[in-house]
Amino acid sequence: MDALDLARWQFAITTVYHFIFVPLTIGLAPLVAIMQTAWVRTGDERWLRLTKFFGKLFLINFAMGVVTGIVQEFQFGMNWSEYSRFVGDVFGAPLAMEALAAFFVESTFLGLWIFGWDRLNKKVHLACIWAVAVAVNLSAFFILAANSWMQHPVGTRFNPETGRAEMESIWAILANNTLWAAFPHAVAAAFLTAGTFVAGIAAWWMVRLVRTGDETRVALAREVYRPAVMLGTVTMLVAGIGVGVSGDLQGKLMFEQQPGKMASAEALCEGTESAAFSILTVGDLSNSCEGVRHILEVPGLASYLGTGSFSGEDSYLPGVYDVQAAYEERYAETDDAGEPISYTPNLALTYWSFRLMIGLAAGSAALALLALWFTRGGRVTGNRWFARVGVWAIPTPFLASSFGWIFTETGRQPWVVAPNPTGIDQIRLLTERGVSTVVSPGMVLFSMVVFTVLYGVLAVVWGRLMHRYAVEGVPDVVHDESPEARADDDADRPLSFAY
Amino acid sequence: MDLAILWFVLIAVLWTGYLVLEGFDFGVGMLLSILPRGAARAGVEGRDKERRVLINTIGPVWDGNEVWLLTAGGATFAAFPEWYATLFSGFYVPLLLILLALIVRGVAFEYRGKISDEVWRRRCDVAIQVGSWTPAFLWGVAFANLVRGVQLDAAHQYVGGFWALLNPFALLGGLVTTVLFLLHGAVFLALRTDGDLRERAGRLASALSVVAVVVAGGWAMWAQAAYSVPWTWVAVAAAAGALVGVVVMTRRRKEGTAFALSAVALVAAVVLIFGSMYPDVMPGLDGGESLTVTEAASTPYTLGVMTVVAVILTPLVLAYQAWTYWVFRRRLSAEDIPAPAGLTWKRIKDAAF
């Protein structure tokens, strides 16, 4: 493998890994804030117990998101310096804005929230977790603004002297329609992830407690875990609908903006009207659409996903051959080295990641309906299968998110900055042109191996901690109403929480 | 005012924020095995309590401090793409090591107390210390190379290779940041702890500031003689005065003033570094090809957008971060540290009914 392939692998590994922690952080922060709000407003202590329980899991997860996030920002300069030179005038701004507007807020106010339980007034303390919840979502907005520009560059002009992209309007970049489809999609997916996480863990606990038959334990299941199951499942349902609607919107934009991605998601050779959506396809590994055989198809559905019409002229979907011909004519037939450029992304990867994204997300959202049935009318259940499904459901939205990113990033290939069909043709960059020229393949290989090994070890630690703290269950809240304890509530008390 | 020069100054400000703030939490991390009493005298538990005092003084703030690095990095990307690209691809190995260090350090801070187990704590302590010493040294190496100049080609690519970064001037620069951060951390601990720890931190700070005068002074003389411009003598003098002040103030137990003075020393170091680099962002080695502020800068439009964002948001950031330090202003001592709250085997068994 050369430096390009290695740098791509490294980016894929570190980004997919980073995005295990990110959606849970984005979705769980608001859910924990909602739990704490319920406690502050009603004084009902079960919400305090749930806040502390899920808050602890949130923190274990947040730490991993933070430390793997720094790598992301540095990686553009380290492995992709030529990309950085080409796009820096445009692409750097949203990253810097993310740090200034969002990341400072989340890290500072999270510190206040963790250590401030007794130091801050209840409402101020609650405001801290809300600040975190808003900021993590704002973070997502700026990062997606940067990514959406790579998918669909707008608000940019080309400087022929330097050969680089230059920002023309920050408003156009922040108003990019690709961003406004991707942002709700990613955030809804994050809420689906967090909702499933909360509901899955609470469902497992509920079943476990009910099965003991012990009266106080069943009461705990009913009073504490059942509300958490409800909060999680309602979040899942709303988020599931949001993911679907925003995803549909994205599909239609993608059809206009990156026809190659849509064509390869269907492994479609020739353009056709009323294109079918295949559910099962067999092909060879040559990345040629010729050898692909569709086995199970839903007629017209692929056309509908792209164009909004099932049949007729409007439902025309271009195939990978059409895209190849159109791009060769409009952009270039060969790259700098004189090699012919293939404008077809990896077909098997885009085809399957697209389906796994949809299937896994829809599956986990559907489980929410099952959970609502089992808990209808104040019921709690001791059904062992319910607990199992709850636990097994937890990873599905994580996987769906990962496949979504794998689809959208690999489907953009061979571009790192995909050309905008209605924009300026020079604002485009092949991935092979973006890689650092002064970094040797050995160096990239070394850093990739080190990151992968370290990330692997940390994944084990993270997984064990999440598991053990989940199994520990909601904490008791201790009340010390003695006068000394009350006096201690003031600013005099140095530590209410300690590492 | 030329926006590119304004942004050169703003990048220096962001690095100042980073080095002053994360500087002390690197220092605290490096002192984790040095300042607490030995297990022979304090017992394993006593030693661990003192370590936890150290970690808890920076617990609420270390992550917020680290964001200054992300902001400096992001702002460099936005305002000086060419600098960002050349620097990050050229200084690949040191940056990789810094990243790895920051990862294990951050995770160790957050996870150390989550499991109540002696072996686990020792591993996290190792991670915190390796994760603090490594960047403390390497940031100095990186910045000293920027003062000294690096080998660039006509396309502004760094072509000097890794080993050229480890020249004597840069290695001494690494020692300077290490000593300055150690000092800054010791003064911070004298300010934020109470009792015996405060005494020991104060004594250590006095000793370290003498070392800092020698090491940083020697490096600054070298820089002034070989690579810098006359006006940065002001920064050197300010740093020297501040370091002497740290000795006086810690002896008088005025730790707040001492902390401000050790921060001044770090500010002076940034002034010296950026003053020496100007008008380049990456000076050429021995008068070779260089990358200037103007060449590296983004377009006026992008710089204008970034200026508006920075002018609105930076004061806000400073305000709420300052408030955080105010909220957690109380001094800590070993008596304040509660029993470990992490998972134990007993708690795991209990949870299993």
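Where in chain B is the place of B:Thr178?

## A buried threonine in chain B

B:Thr178 sits in helix H7 of chain B, which covers residues 168–192. The structure is a predicted model. B:Thr178 has a relative accessibility of 7% and counts as buried, because the cut-off for buried is under 20%. Leaving aside residues up to four places away in sequence, B:Thr178 touches B:Met30, B:Trp133, B:Ala136 and B:Phe137.

## Chain B as a whole

Chain B contains 13 helices and 2 strands. For its 353 residues the globule rule gives a radius of gyration of 20 Å, and the chain has a close value of 21 Å, so chain B is as compact as a globular protein of that length. A box of roughly 65 × 50 × 40 Å along the principal axes holds the C-alpha atoms of chain B.

Of the 353 residues in chain B, 63% are buried. When contacts between residues at least 6 apart in the sequence of chain B are considered, 80% of them join residues at least 24 apart. The accessible surface of chain B is about 12,600 Å², and carbon and sulfur atoms account for 70% of that surface. Chain B carries 27 positive and 25 negative charges, whose mean positions lie 13 Å apart.

## Chain A as a whole

Chain A has 16 helices and 6 strands. The C-alpha trace of chain A spans about 80 × 50 × 40 Å along the principal axes.

In chain A, 59% of the 499 residues are buried. Among contacts in chain A with a separation of 6 or more, 78% are between residues 24 or more positions apart. Chain A exposes about 19,800 Å², with 62% supplied by carbon and sulfur atoms. There are 33 positive and 45 negative side chains in chain A, and the centres of these two sets are 13 Å apart.

## A salt bridge between the chains

Side chains of opposite charge can pair when their charged atoms come close. Over all chains, the count is 29 salt bridges. One salt bridge joins the side chains of A:Arg164 and B:Glu82, with an N to O distance of 2.4 Å. This pair crosses between chains: A:Arg164 belongs to strand S2 (residues 164–167) of chain A, and B:Glu82 to helix H4 (residues 81–90) of chain B. A:Arg164 is partly exposed at 24% relative accessibility, whereas B:Glu82 is buried at 5%.

## Salt bridges within chain B

B:Glu50 and B:Arg37 form a salt bridge in which the closest N and O atoms are 3.0 Å apart. The two residues are 13 apart and link distant parts of the chain, with B:Glu50 in helix H2 (residues 39–58) and B:Arg37 in the loop between helix H1 (3–30) and H2. B:Glu50 is buried, its relative accessible area being 3%, while B:Arg37 is partly exposed at 26% relative accessibility.

A salt bridge with an N to O distance of 2.6 Å joins the side chains of B:Arg112 and B:Asp125. B:Arg112 lies in the loop between helix H5 (92–111) and helix H6 (118–148), and B:Asp125, 13 residues away, lies in helix H6. Both B:Arg112 and B:Asp125 are buried. These two residues also belong to a network of salt bridges with B:Asp48, B:Arg51, B:Glu118, B:Arg121 and B:Arg122.

How values were computed: Residues are numbered from 1 along each chain as its sequence is written. Chains are lettered from A and ligands numbered from 1 in the order in which they are written. Side-chain values use heavy atoms; hydrogens and water are left out. Helices (H or I, at least four residues) and strands (E, at least two) are DSSP runs, numbered from the N terminus. The radius of gyration is taken over C-alpha atoms; the globule rule is 2.2 Å times the number of residues to the power 0.38. Buried means under 20% relative accessible area, exposed over 50%, partly exposed in between (1.4 Å probe, protein chains only). Contact means heavy atoms within 4.5 Å. Accessible areas come from the Shrake-Rupley method with a 1.4 Å probe; for residues, only the protein chains shown count as cover. Lys and Arg count as positive and Asp and Glu as negative; His and the chain ends are not counted. The place of a charge is taken as NZ of Lys, CZ of Arg, CG of Asp or CD of Glu. A salt bridge is a side-chain nitrogen of Lys or Arg within 4 Å of a carboxyl oxygen of Asp or Glu.
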